[in-house]
Amino acid sequence: MTVTSQPGSTGSSKAIEEYLVHLDPTEIAKWTTAEVCSQFLERIEFNYLVENFTVNNITGKVLLMLEERNLVEMGVNVIGDRLMILSYLKLLKKKKIEADKMATLWSGETPAPGLAYSEDCGQCCARMFCPCCITRKMWRITGQGIFYRVVPPCSVFTTVRQEYIDFRFLKDMELRSRNNCACCCKTHELIMYAEQASGEDDSGAARGEYELKHPQANKVEGIVRTAWSNARLVAD
């Protein structure tokens, strides 16, 4: 199907952009072709292309993959129309990239349950029966970096510290395993070397060395390496 003209647009470009930037990319990816037509085409005032999108089965997932050559193949031959649609798609794709970066790839808490991940029996018992009595770290790994909150023991005077390791400043990683508790238990840990994390003070471990002791340390290492590699590719 070839379309050569479009009815005049009466809407505000600013209002359309405001609508698009508030859409959830996760929900867009679930749209059916009918929803793409009603929630995207009609809202950007390109109703005359509904049949083109329907015939070509443009679902929400496909919508986020569209490029100019695809629009040409679909019969959108008016250059101005293609450029406007592409500009609106760029907003949606930018939101998707940002959402992908912030999506949680792994989350966990340290110290992990079990004697192998406790300093001693006392900490192990506290971890089981009174978690708020010990200092904990709440980890979250995303495509952008590593976030963690340091939660001190319960007290009205304590402050939760939030810190962040950007993958741009990650230098290296090392997996370690060692026997603990008279060789009865094995502890797995991931050591990450990076420039000083955002929000970190100078107390505690040496600057630039971040330790994650967890039974899933091997899995975390693979997740971090993949995300780290992807972040470097984007940066390059």
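Trainee: What covers the buried residues of helix 1?

Mentor: This is a predicted model, in which local features need pLDDT of at least 70 and side-chain atom pairs count only at pLDDT 80 or more, while totals for chains, interfaces and linings use all residues. Residues are numbered from 1 along each chain as its sequence is written, and side-chain values use heavy atoms, leaving out hydrogens and water. Helices (DSSP runs of H or I, at least four residues) and strands (DSSP runs of E, at least two) are numbered from the N terminus. With contact meaning heavy atoms within 4.5 Å, the cover includes helix 3 (33–41) and helix 7 (79–102).

Trainee: Within what arc do the buried residues of helix 1 fall, seen down its axis?

Mentor: Buried means under 20% relative accessible area, exposed over 50%, and partly exposed in between (1.4 Å probe, protein chains only). In helix 1 (residues 13–21), the buried residues are Ile16, Tyr19 and Leu20. They line one face of the helix because the arc, taken from the directions from the helix axis to the C-beta atoms, is 95°.

Trainee: Which residues is Phe53 in contact with, leaving aside its neighbours within four places in sequence?

Mentor: Phe53 belongs to the largest core and is listed with those that touch the most other members. With those neighbours set aside, the contacts of Phe53 are Thr33, Val36, Cys37, Leu41, Ile58, Leu63, Leu66, Leu71 and Met74.

Trainee: How many residues apart in sequence are the parts that the pair of Arg82 and Glu68 ties together?

Mentor: A salt bridge is a side-chain nitrogen of Lys or Arg within 4 Å of a carboxyl oxygen of Asp or Glu, and the whole structure has 12 of them. In one, Arg82 pairs with Glu68, with 3.3 Å between the closest N and O atoms. Arg82 lies in helix 7 and Glu68 in helix 6 (residues 68–73), so the separation of the parts in residues is 14.

Trainee: Is Arg82 buried or exposed?

Mentor: Glu68, its salt-bridge partner, has a relative accessible area of 36% and is partly exposed. Arg82 stands at 10% relative accessibility and therefore counts as buried.

Trainee: What separates the C-alpha atoms of Arg232 and Arg168?

Mentor: Arg168 is exposed at 60% relative accessible area, and its side chain meets that of Asp166 in a salt bridge of 2.9 Å, N to O. Asp166 is buried, at 11%. Arg232 sits in helix 9 (residues 217–235) and is partly exposed at 43%. Although Arg232 and Arg168 are 64 residues apart along the chain, their C-alpha atoms are separated by 7.0 Å.

Trainee: Which residues does the cis peptide bond join?

Mentor: Most residues other than glycine have a negative phi, and most peptide bonds are trans. The cis bond has an omega of about 0°, and Pro111, one of its two residues, is in the loop between strand 1 (106–110) and helix 8 (121–129). The bond joins Thr110 and Pro111.

Trainee: What is the phi of Asn57 near?

Mentor: Glu45, in the loop between helix 3 and helix 4 (50–55), has a positive phi near 65° and is partly exposed at 23%. Asn57 is in the loop between helix 4 and helix 5 (60–63) and is partly exposed at 47%. The phi of Asn57 is also positive, near 55°.

Trainee: How many contacts beyond four places in sequence does the model have for residues 200–206?

Mentor: pLDDT, the predictor's confidence in each residue from 0 to 100, averages 84 for the protein, and 78% of the residues score at least 70. Where pLDDT is low, the predicted coordinates should not be read in detail. It stays under 50 over residues 1–5, which have 15 contacts beyond four places in sequence. Residues 200–206 also stay under 50, and their number of such contacts is 6.

Note on methods
A nonpolar core is a set of buried Ala, Val, Leu, Ile, Met, Phe, Trp, Tyr and Cys residues joined through side-chain atoms within 4.5 Å.
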